[in-house]
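Here is a short briefing on one protein model.

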Amino acid sequence: MPHVEPGSFLTLHYRLTGPDGRDLINTFGTQPATLSLGGGELSPAIEQRLIGLEEGTHTVIELAAGEAFGPRQPEMVQWVARKLLDELGDPHERYAVGDVVQFPTPDGLGSYAGAVREVREDGAVLFDFNHPLAGQPVRFEVQIIGVL
């Protein structure tokens with residue numbers, strides 16, 4: 001049977017749960033996922049744990065707090081002035097706590113997200129650019145269907 005190696009193309013079912021045990025992603029019962037290991041679709045820590053698994057394996061991987069998506073970084077929580085938000089997007093946009101906003105990367109080729117934590121009267125918005133699961137333990141259940 002084939003084993004997962006760096007660069008393998010995988011067909012798999014997986015379930016990712018956070019510390020509260022609720023499903024964040026769950027492909028069991030639906031279409032399986034297909035991905036290329038090393039393509040950035042899973043965190044590097046999860047990908048590393050998949051290497052060596054045999055096709056047909058069904059297992060659970062427990063990752064300690066911060067292992068899957070890194071530690072929470074206080075410097076990744078930043079105030080963004082309303083003027084800059086207007087320049088980057090729609091000047092009529094209203095932001096609310098819990099909103100997730102996409103920002104363009106400096107080169108304009110990609111994007112990154114920030115979650116709204118607070119909105120001031122002057123329109124400035126406090127964004128948290130940490131991954132939502134940064135600093136959290138996660139559970140990753142996987143069933144390897146195919147390895148190419």
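Arginine 117 and aspartate 128 meet through their side chains in a salt bridge, at 3.6 Å from N to O (a salt bridge is a side-chain nitrogen of Lys or Arg within 4 Å of a carboxyl oxygen of Asp or Glu). The pair links distant parts of the chain: arginine 117 sits in strand β7 and aspartate 128 in strand β8, 11 residues apart. This is a predicted model: local features need pLDDT of at least 70, side-chain atom pairs count only at pLDDT 80 or more, and totals for chains, interfaces and linings use all residues. Residues are numbered from 1 along each chain as its sequence is written, and side-chain values use heavy atoms, with hydrogens and water left out.

- Aspartate 128 counts as buried, at 4% relative accessibility (buried means under 20% relative accessible area, exposed over 50%, partly exposed in between, with a 1.4 Å probe and protein chains only).
- Arginine 117 is partly exposed, with a relative accessible area of 43%.
- Aspartate 128 also meets the side chain of arginine 72 in a salt bridge, at 2.4 Å from N to O.
- Arginine 72 lies in the loop between β4 and β5 and aspartate 128 in strand β8 (residues 125-128), so this pair ties together parts 56 residues apart in sequence.
- Arginine 72 is partly exposed, with a relative accessible area of 38%.

**Other salt bridges**
- The structure holds nine salt bridges.
- One of them joins the side chains of arginine 49 and glutamate 67, at 2.5 Å from N to O.
- Arginine 49 is in helix α1 (residues 44-50), while glutamate 67 is in the loop between β4 (58-63) and β5, 18 residues apart.
- Arginine 49 is partly exposed at 35% relative accessible area, and glutamate 67 is partly exposed at 33%.

**The sheet**
- Four strands form an open sheet in the order β5-β8-β7-β6, with antiparallel pairing (two strands pair if DSSP finds at least two bridges between them).
- Helices (H or I, at least four residues) and strands (E, at least two) are DSSP runs, numbered from the N terminus.
- The edge strands, β5 (77-80) and β6 (100-104), each pair on one side only.
- β6 and strand β7 (residues 111-119) run antiparallel and are joined by five bridges.
- Valine 101 stands opposite glycine 114 in β7.

**Arginine 82**
- Arginine 82 has its place in helix α2 (residues 82-88).
- Arginine 82 counts as buried, at 15% relative accessibility.
- Not counting residues up to four places away in sequence, arginine 82 touches residues including Asp90, Tyr95 and Asp122 (contact means heavy atoms within 4.5 Å).
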